[in-house]
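Below is a short report on one protein structure, written for reading beside the model.

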Amino acid sequence: MSMTTTAETAVPGDALHIVSARELDSGPDARDRLADAAHGLLAALVRDGAALGWVEPPDRAEIAALLDEVRAAARAGDAALRVARLGEELVGLGYWRRYARPTHRPHADLEKLAVAGAAHGHGIGRALTAALIADARRAGVEVLTLDARADNTHALRLYTSLGFREYGRLPGFVAVGDRRYDKVFQMLDLRPAVRGRRADGQDTRPDAAGQGSRSVT
């Protein structure tokens with residue numbers, strides 16, 4: 001399997017490689033190897049309490065099916081999947097997918113970003129996110145969104161440092177047993193700045209203040 005380095009990251013030992021979905025398709029056993037490694041990574045993180053959308057560790061079949069969906073969408077130009085490897089060990093993965101709703105198709109959602117606990121602190125999450133943002137730009141995505149649990153402060157700081165900004169939150173929306181957490185929404189506007197509109201989507205025309213939205217679709 002070929003691997004490409006997309007970021008210079010200070011990682012001890014083996015070099016960090018950020019691998020695209022296209023490269024992951026190589027080799028007769030690529031699907032099974034990826035499913036095994038991704039399941040091991042995600043299940044371990046969920047067992048340790050990571051905020052990845054599962055309360056209990058997912059089983060391998062669920063992860064294999066999810067990866068099949070994302071890889072198929074990536075081949076159609078509607079998603080991007082990246083994994084991080086140190087040598088041959090998978091230490092992180094992330095992906096975005098376009099919105100299915102027709103009126104939201106220009107945009108995509110960064111649905112998952114996960115880094116092995118033992119690999120934290122070496123810039124792997126930053127390298128993965130930067131690669132996925134670059135993929136979104138190449139795919140013509142206009143706005144890349146994400147949501148995260150409010151107590152996931154390390155991830156939220158990372159996204160903010162890469163240009164994402166908060167556009168809303170739902171107080172106490174996420175339920176984990178008896179505990180409740182805010183759900184935080186962030187966005188990265190990838191559209192070029194044009195006259196009358198900033199790159200973050202805010203209308204700067206003098207008469208724009210006070211104008212109501214004409215549509216919510």
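## Strand E3 and its partners

Trp96 stands opposite Leu110 in E4. The pairing of E3 with strand E4 (residues 108–115) is antiparallel and runs over 7 bridges. Strand E2 (residues 79–86) also pairs with E3 in the antiparallel sense, over 8 bridges, and here Ala79 has Arg97 of E3 as its bridge partner. Two strands are taken to pair if DSSP finds at least two bridges between them. Helices (H or I, at least four residues) and strands (E, at least two) are DSSP runs, numbered from the N terminus. The hairpin of E2 and E3 has 2 residues between the strands, and Gly87 takes a positive phi near 65 degrees there.

Strand E3 (residues 89–98) is largely enclosed by the rest of the structure, because 9 of its 10 residues are buried. Buried means under 20% relative accessible area, exposed over 50%, and partly exposed in between (1.4 Å probe, protein chains only).

## Basis of the values

This is a predicted model, in which local features need pLDDT of at least 70 and side-chain atom pairs count only at pLDDT 80 or more, while totals for chains, interfaces and linings use all residues. Residues are numbered from 1 along each chain as its sequence is written, and side-chain values use heavy atoms, with hydrogens and water left out.

## Nonpolar core

The largest nonpolar core has 52 residues, of which Leu81, Trp96, Ile124, Leu144 and Tyr159 touch the most other members. H4 supplies the largest share of this core, 7 residues. Such a core is a set of buried Ala, Val, Leu, Ile, Met, Phe, Trp, Tyr and Cys residues joined through side-chain atoms within 4.5 Å.

Not counting residues up to four places away in sequence, Leu81 touches residues including Val19, Leu24, Leu34, Leu67, Val70, Gly94 and Tyr95. Contact means heavy atoms within 4.5 Å.

## Largest pocket

The volume of the largest pocket is about 1100 Å³. Its lining has 43 residues, and those closest to its centre are Ala50, Ala51, Leu52, Leu113 and Asn152. Elements that give two or more residues to this lining include helix H2 (30–47), helix H4 (124–138) and helix H5 (153–161), while E4 contributes the largest share, 6 residues. By class, the lining divides into 25 nonpolar, 10 polar and 8 charged residues. Ala, Val, Leu, Ile, Met, Phe, Trp, Tyr, Cys and Pro count as nonpolar, Asp, Glu, Lys and Arg as charged, and the others, Gly among them, as polar.

On a 1 Å grid over the protein atoms alone, a pocket is an open set of points with protein on both sides within 12 Å along at least five of seven lines, whereas a cavity is a set where a 1.4 Å probe fits but cannot get out; lining residues have an atom within 4 Å of a point. Grid points are joined across faces, edges and corners, and a volume is the space filled by probe spheres set on the points.

## Enclosed cavity

The count comes to 1 cavity of 30 Å³ or more. Leu42, Ile63, Leu66, Leu67, Leu93, Tyr95 and Lys112 line the largest cavity. Helix H3 (60–75) gives the most to this lining, with 3 residues. The lining has 6 nonpolar, no polar and 1 charged residues.

## His39

His39 lies in helix H2 and counts as partly exposed, at 22% relative accessibility. Leaving aside neighbours within four places in sequence, His39 is in contact with Pro58, Asp59, Arg60 and Ile63. The C-alpha atoms of His39 and Ala64 are separated by 7.9 Å, with the two residues 25 apart along the chain.
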